[in-house]
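Please read them beside the sequence and the coordinates.

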Amino acid sequence: MEKIPILRMGKFLLVTIQVDLYDRLAEALEADLVQMVKKTGAQGVLIDISAVSIIDSFMGRIIGNIATMSKILDAETVVVGMQPAVAITLVELGLPLKGVHSSLNVERGMELLRTKINLSEGQSDDDGYAE
Amino acid sequence: MKNESIKVFQKKKKQILETWMKLQLADESLREDLMSNEELRGQSEELISILVDNLNDSNIDDPRHSDFDSVVDILSGISISRARQGFSPRETGTFVFSLKDALLNTMQQELKDPQELFLQSLKISKLIDSFGVTTFETFIKGREEVILRQTDEIAEISTPVIRVWDGILALPIIGTLDSARTQVVMENLLQEIVESGSSIAILDISGVPAVDSLVAQHLIKTVSATRLMGAECIISGIRPEIAQTVVHLGIDLTNIITKFTLASALRTAFNMLHLQVVKKQKQTIAD
C-alpha cells in the first residue's frame, strides 16, 4: 500500500501529499502522524496539500482531525498551498476547518509555525513578528 | 384522393414565391438596412420549396409531423439569425405570416369550389400559424441567448481583482451579489491570490446596493475560503444602512475585519504587513 512520507525537520514535521488522497490513505496518514508527533515530540506540523485537487467532506474532516489531534499533543498545525477549487469546495461543504492555520506556501507556513511556537513559549523574537 | 391545394402549390411554386416576395416588399416593416432583397429572396425560396416538397395528404393536419422537421430547422435558423441581426418580433412574424397570405391568394385563384376552398384555407392557416409560433419561440430563444451571453460578460468584467500593493489585493464589488456572482468573485480572487502570492485581500462592498442574509452568507463564504488559502480578508465600504441591516438580521460579522472606507482597510493591511507610509522630507537646499 502507498504511504505518505512524514519528514522531520528540526522541531517540525513536514508532510507533503503528492498524490490524490483516498480514504484509507488518509486514515493511515492520520494514525502515522499522531504516532510521529508522539515519537519525535514535534512542536509543529506542516501539511502541504498543493497537489491535492479533489477533496470531499471525509478528507476535509480528516485534515481537521489531524489538526485537532496535533493540538492536543501540543503541536501547531499549518495547512499550506490549498488550491482555490479545494478552498471553495470546503467552504461550500460547510467545513471552514476551524482551528487549522493556513498559509499560501511552505515558506510562509514555516514562518507562521515559528511565530506560533515562539509565542506559545513566551519568547520574544527579534525578527519583528511577535507583537 | 390527392389533396387539391397541395397539387396547386406544387404547380404554382413560382407564382407563390412571387406573390410572397411582393407582399414582403410591400410591407412597411421591411428592413432593407439589415438584409438585402436577394438574401430575403433566397431564404423565401428555400423555405417554400422545402415546405411544398414535404407537404402531403397525411401531414397537412399535423404541424408536428416529422416530415416538417426540415422546415422547422430552416425556420429556426432564419429566426435565430434575425434575432441576432436585431430584427423586431413583428418583422420576423411578418416574414412567416405573409407566406400564409401568398398561399391563400393562390388557392383562391385556383380552387373553384367555395366549400373546398374554405376547408383547405383552414388547414393551411392552421399549419402556417403553428410554424409562426415555432418561429417565435426560436426568435425568443435567440434573444435570450444574446442576453445570457451579455450577462456572462458583465459578470466577468464587473469583478476585477486589483493589486494595490505588493501582497495586497483589492476587489471592488459593484451590483447585487447572488450565488453565481459570488462564485465568480471567489474564483477570481482565490486564483489571483495564488498567482500573486498576496496575503491580504480587501473586499470593497460600497457598490453593493443592499446586504441581506443571503448576501452576507456569500461574503462570509468568500472570507472563509480566503482564510483557508492562507490569506486574510478585510471587508470595507460598509455603509451605515448596511451596518443597521446586518445587526437587525442578526448576522455575525465579528470574526471578520470590517472597515468603513477602502483607505482605512488599506491602512490596516499596511499595519498587518508591517509597512509604514511616511511623508517625504522636504529637501533642504544647502546654501
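1. Glu92(A), at 42% relative accessibility, counts as partly exposed, because that class lies between buried (under 20% relative accessible area) and exposed (over 50%), computed with a 1.4 Å probe and protein chains only. Glu92(A) forms a salt bridge with Lys221(B), and the closest N and O atoms are 3.1 Å apart; the term denotes a side-chain nitrogen of Lys or Arg within 4 Å of a carboxyl oxygen of Asp or Glu. This pair crosses between chains, with Lys221(B) in helix α8 (residues 213–228) of chain B and Glu92(A) in helix α3 (residues 84–92) of chain A. Helices here are DSSP runs of H or I with at least four residues, strands are runs of E with at least two, and both are numbered from the N terminus.

2. On provenance, this is a predicted model, in which local features need pLDDT of at least 70 and side-chain atom pairs count only at pLDDT 80 or more, whereas totals for chains, interfaces and linings use all residues. Residues are numbered from 1 along each chain as its sequence is written, chains are lettered from A and ligands numbered from 1 in the order in which they are written, and side-chain values use heavy atoms, with hydrogens and water left out.

3. Over all chains, the salt-bridge count comes to 7. One of them joins Lys100(B) to Asp129(B), the closest N and O atoms being 2.9 Å apart. Since Lys100(B) lies in helix α5 of chain B and Asp129(B) in helix α6 of chain B, the pair ties together parts that are 29 residues apart in sequence. Lys100(B) is buried at 15% relative accessibility, whereas Asp129(B), at 32%, is partly exposed.

4. The two helices concerned, α5 (residues 89–110) and α6 (residues 114–157) of chain B, have axes that come within 10 Å and cross at roughly 165°, where the axes are lines fitted to C-alpha atoms over the stretch in contact and angles run from 0 to 180 degrees between N-to-C directions. α5(B) and α6(B) are therefore roughly antiparallel to each other, a class that covers angles over 145 degrees.

5. A further salt bridge pairs Glu232(B) with Arg227(B), with the closest N and O atoms 3.1 Å apart. Both partners should be read as partly exposed, Glu232(B) at 22% relative accessibility and Arg227(B) with a relative accessible area of 31%.

Notes. Parallel < 35°, antiparallel > 145°, perpendicular 65-115°, else oblique.
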